[in-house]
Amino acid sequence: MKMHLKVMNAAVALALGTVAIAIAMPKAFGIGLMAYAECLTRDRAGCVNDGGPVDFAALKEATEKALATLGSELKEAAAKALAEGTKGVTMSESTKTKVDEMLVKQSALLAKHGEIEAELQAVQQKLLKRGPAGAMREKTPGELTIESAEYLAYVKAGNYRQAFNLPIHAAVVNITSDAASAGDAVFPQQLPGVLGVPNRRMTVRDLITPGSTDSSSVIYVKETGFQNLAAPVSETMAKPKSDITFEQVSSVVKKIATYVKASTEILADAKMLKSYIDFRLRYMLTYAAEEAQLLKGSGVGNNLHGIYTQASAYVAPIVITAPTRIDVLRLAILQSELAEFPATGIVLHPADWAAIELTKDSTGNYIFANPQSLAQPTLWGRPVVGTPAMTVDTFLVGAFKLAAQIFDRLQSNISVATENEDDFIKNLVVILIEERLALAVYRPEGFVKGDLTP
């Protein structure tokens, strides 16, 4: 029974061995896989050995035929041993010896199989070094040296006092920016952040008294005129009657908004882009709409009723000879003061303010400007705001703190959403900014507008 089991195990092992054995490279062919791969790396036209050019396909075919013949013999021996075992015939010594020899041979072939696997992997690594269109990359002199048999023997001998010379025939190539040369060592310079466009300085809102509201409109009572007849009176006489007229005014809260679209990929890949877009949107909201609306809104439709639109026309309170730009602004301040609302600010176009600062006397000295000063621009003790929202050669002077007020219903707010049109399936994000505000001009007479040039 034990012999029977042994025969069965031998038969199974032989059958499995025929399946597991891979292609071997017999030494009789004169070249091994590693030598063939090394030949490939050196000779692009073809590899040669002592017998002439090597046909790798023929080597493979011959080896497979040899393995097929060996497999048939192993199967036949296994079948014979199995048949004798099933009949209860004791395995003969000759059959046992033959089976043992085949098992030993199988073990040796399996070991060889492991070596061949390692060699094949090495060949694949070498063949992967081929360049475009199957061309092999030329080895450097250093690679040729350390892989040469002479160098390996020199290292093994360990006699480093003796000089080592190895003639290297390597192709001479120029160092270029190509990826195969030194190109991979050159990296583009990436500057951080985004180069934005210049921002306009926003200061008109800062001149006006701030406020807030929770409603959709602001209703206030505005004094539209009065007649002051106050005077001394004698006993028993009728007192003089003064007249004051009022008007109820409603300032409706208006919405100002804009948006941009961006892909979810760019927002995820460029972390700083989201904050940059938020900043630019806030600037666009203030630059494109709010400042222009606060100054020159028409009050029609969804427009604010701007201060410049409601301001009183300039009429010189007093007459002076040959007035200059500076004189006109001082007279406008006087006009505002006579309306019982002293001016607290001046708004000009930047070009007009530059012309005033460059005013010189007969000796070429600046009249009042100091080119080295970093102080806030002022004229006649009032802060000057330069903004392109104003038209060239026009001005606005007034009591911004007393005669007007901004009511914010919703301060500039950023919203992000994908539920818009087909943005969700396109991986787009809508970044929206909006604000709601109302502007109340309590006393239009407190503001004076006109042409700057006399």
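A salt bridge is taken here as a side-chain nitrogen of Lys or Arg within 4 Å of a carboxyl oxygen of Asp or Glu. The structure is a predicted model, in which local features need pLDDT of at least 70 and side-chain atom pairs count only at pLDDT 80 or more, whereas totals for chains, interfaces and linings use all residues. Residues are numbered from 1 along each chain as its sequence is written, and side-chain values use heavy atoms, with hydrogens and water left out.

**Salt bridges**

Side chains of opposite charge can pair when their charged atoms come close. A search of the whole structure finds nine salt bridges, among them the pairs tabulated here.

| Pair | N to O distance |
|---|---|
| Lys241 and Asp243 | 2.5 Å |
| Lys261 and Glu421 | 2.8 Å |
| Lys261 and Asp423 | 3.0 Å |

Strands (E, at least two residues) and helices (H or I, at least four) are DSSP runs, numbered from the N terminus.

The partners can also be described by relative accessible area, where buried means under 20%, exposed over 50% and partly exposed in between (1.4 Å probe, protein chains only). Glu421 is exposed at 66%, and Lys261 is partly exposed at 36%. Lys261 also pairs with Asp423, a residue of the loop between strand 12 and strand 13 that is 162 residues away from Lys261. Asp423 is buried, with a relative accessible area of 0%. Salt bridges that share partners also join Arg205, Glu290 and Asp408 into one network.

In the pair Lys241 and Asp243, Lys241 is exposed at 60% and Asp243 is partly exposed at 30%.

**Nonpolar cores**

A nonpolar core is a set of buried Ala, Val, Leu, Ile, Met, Phe, Trp, Tyr and Cys residues joined through side-chain atoms within 4.5 Å. The largest has 35 residues, of which Ile277, Ile307, Val347, Leu396, Phe400, Ile431 and Phe447 touch the most other members. Elements giving two or more residues to this core include strand 6, strand 12, strand 13 and helix 9 (271–296). Helix 9 gives the most, with seven residues.

Contact means heavy atoms within 4.5 Å. Not counting residues up to four places away in sequence, the contacts of Phe447 include Ile307, Leu396, Phe400 and Val441. A second, separate core of 16 residues includes Ala343, Leu348, Trp353 and Val448.
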